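Biologist: I have a new model on my screen. Can you show me how to read it, feature by feature?

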Amino acid sequence: MEELRALTPVRFQYNEDDSVHYGFIAEDVEAVNPEWCVYDQDRLTSVQYHELHAVAIAGLQHALDKIDELEAKVARLEKIIDRLDGGK
């Protein structure tokens, strides 16, 4: 999860293309995890976005699990508050 937090999504356009793209700066990704990058003769060339899909989904699953846990905790605390308030 911390690796995902370290990445900064960017919006950009290629010089020869007017359409908008979204992604990451390859050097920033390399600093987080070089395995997510493509190299040509030891020179960084791009990001392996297909590698990030599974990592992002795992991070999302972790976040959803945490949300479920926190929602259950809030529900328990609301019941306690209701009992303390006398069911008002």
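Modeller: We start with the overall fold and end with single residues. Keep in mind that this is a predicted model.

Biologist: How many helices and strands does the protein have?

Modeller: Count the elements, then read their order. Here there are three helices and four strands. Along the sequence they run α-β-β-α-β-β-α.

Biologist: What does the radius of gyration say about the protein?

Modeller: Set the value against that of a compact globule with the chain's number of residues. For 88 residues the globule would be near 12 Å, but the protein has 21 Å. Then look at the spans along the principal axes. The C-alpha trace covers about 70 × 30 × 15 Å.

Biologist: What share of the residues is buried?

Modeller: Buried means under 20% relative accessible area. In this protein 14% of the 88 residues are buried. The exposed surface comes to about 7300 Å², and carbon and sulfur atoms supply 53% of it.

Biologist: How much of the contact set comes from residues 24 or more positions apart?

Modeller: Take the contacts with a separation of 6 or more. Residues 24 or more positions apart account for 24% of them.

Biologist: And the charges: how many are positive, how many negative?

Modeller: Count them, then compare their mean positions. The protein has 9 positive and 19 negative charges.

Biologist: Now helix 3. Why does its end-to-end distance agree with its number of residues?

Modeller: Helix 3 has 36 residues, so it should span 52 Å. Its end C-alpha atoms are 52 Å apart, which agrees. Helix 3 covers residues 49–84. After helix 3 comes Gly86, with a positive phi near 80°.

Biologist: Leu60 is in helix 3. Is Leu60 buried or exposed?

Modeller: Compare the value with the cut-off: exposed means over 50%. Leu60 has 51% relative accessibility, so it counts as exposed. Leu60 and Met1 are 59 residues apart along the chain, yet their C-alpha atoms are separated by 8.9 Å.

Biologist: Which residues does Val10 contact?

Modeller: Leave aside the neighbours within four places in sequence. Val10 then contacts His21, Tyr22, Gly23, Phe24 and Ile25. Val10 lies in strand 1, residues 10–12. Its relative accessibility is 23%, so Val10 counts as partly exposed. For a distance check, take Asp40, 30 residues away along the chain. The C-alpha atoms of Val10 and Asp40 are separated by 23 Å.

Biologist: Where do I find positive phi values in residues other than glycine?

Modeller: Look at the phi of each residue, then at its place in the chain. Gln41 has a phi near 50°, and Asp42 has one near 65°. Gln41 sits in the loop between strand 3 (37–40) and strand 4. Asp42 lies in the loop between strand 3 and strand 4 too. Gln41 is exposed because its relative accessible area is 77%. Asp42, at 79%, therefore counts as exposed.

Biologist: One more loop residue: Gln48. Why does Gln48 count as buried?

Modeller: Its relative accessibility is 19%, so Gln48 counts as buried. Gln48 lies in the loop between strand 4 (43–47) and helix 3. Next, list what it touches. Not counting residues up to four places away in sequence, Gln48 touches Glu35, Trp36, Cys37 and Val38.

Key:
Residues numbered from 1 in each chain as written. Predicted model: local features only at pLDDT ≥ 70, side-chain atom pairs only at ≥ 80, totals over all residues. Heavy atoms only, no water. Helix = DSSP H or I, 4+ residues; strand = E, 2+ residues; numbered from the N terminus. Rg over C-alpha atoms; globule rule 2.2 N^0.38 Å. Buried < 20%, exposed > 50% of the residue type's maximum accessible area, 1.4 Å probe, protein only. Contact = heavy atoms within 4.5 Å. Areas by Shrake-Rupley, 256 points an atom, 1.4 Å probe, with all protein chains shown as cover. Lys, Arg positive; Asp, Glu negative; His and termini not counted. Charge placed at Lys NZ, Arg CZ, Asp CG, Glu CD. Expected span 1.5 Å × (residues − 1).
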